[in-house]
Amino acid sequence: GTGQACSFRIWSDRSASDLEALEWNPCMDLLACLTAPPDSTMSIYRLLAEDHSPKLLSEKITGVGTALAWSPCGRKIAVGDRLGGVSVYDGESGAVLHV
């Protein structure tokens, strides 16, 4: 079958050029987006909401985040920074699991 294309704009007070990284969840309909340092923000969107529009699930200030990676099970997301630090968050709620 053919699927419908999903297109949306990430709403922020920052410009699109500030998007540092984005990462699809390997198991769920989630997309994580990270804006550029120095005040990086990680936003997690559910893309297949009932009304077919993206739903912002969580938003967290991560400081100097520059990279994202989902865990293989898709339930956690790691944010790496330029200083070598890694923080781990719950993939849906955005709760901090490990710093």
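A residue counts as buried here when its relative accessible area is under 20%. Cys33, at 3% relative accessibility, falls under that cut-off, so it goes down as buried. That label comes from a predicted model, as does everything else below. Across the protein chain, which runs to 99 residues, the buried share is 34%.

On secondary structure, things are simple to tell: the protein chain has eight strands and zero helices. Spelled out along the sequence, that reads β-β-β-β-β-β-β-β. Turning to contacts, take the pairs in the protein chain that sit at least 6 residues apart in sequence; 36% of these join residues at least 24 apart.

What about the cysteines? Searching the whole structure turns up zero disulfides. For Cys27, the closest cysteine sulfur belongs to Cys73 and lies 6.7 Å away, which is too far for a bond because a disulfide needs the two sulfur atoms within 2.5 Å.

Asp29 sits in the loop that links strand 1 (19–24) with strand 2 (30–35). Leaving out residues up to four places away in sequence, Asp29 touches Tyr45, Arg46, Leu47 and Leu48. With Arg46, there is also a polar contact, side chain to side chain, at 2.6 Å.

How values were computed:
Residues are numbered from 1 along each chain as its sequence is written. This is a predicted model: local features need pLDDT of at least 70, side-chain atom pairs count only at pLDDT 80 or more; totals for chains, interfaces and linings use all residues. Side-chain values use heavy atoms; hydrogens and water are left out. Helices (H or I, at least four residues) and strands (E, at least two) are DSSP runs, numbered from the N terminus. Buried means under 20% relative accessible area, exposed over 50%, partly exposed in between (1.4 Å probe, protein chains only). Contact means heavy atoms within 4.5 Å. A polar contact is a pair of N or O atoms within 3.5 Å; within protein, one must be able to donate a hydrogen and the other to accept it, and residues adjacent in sequence count only if both atoms are side-chain atoms.
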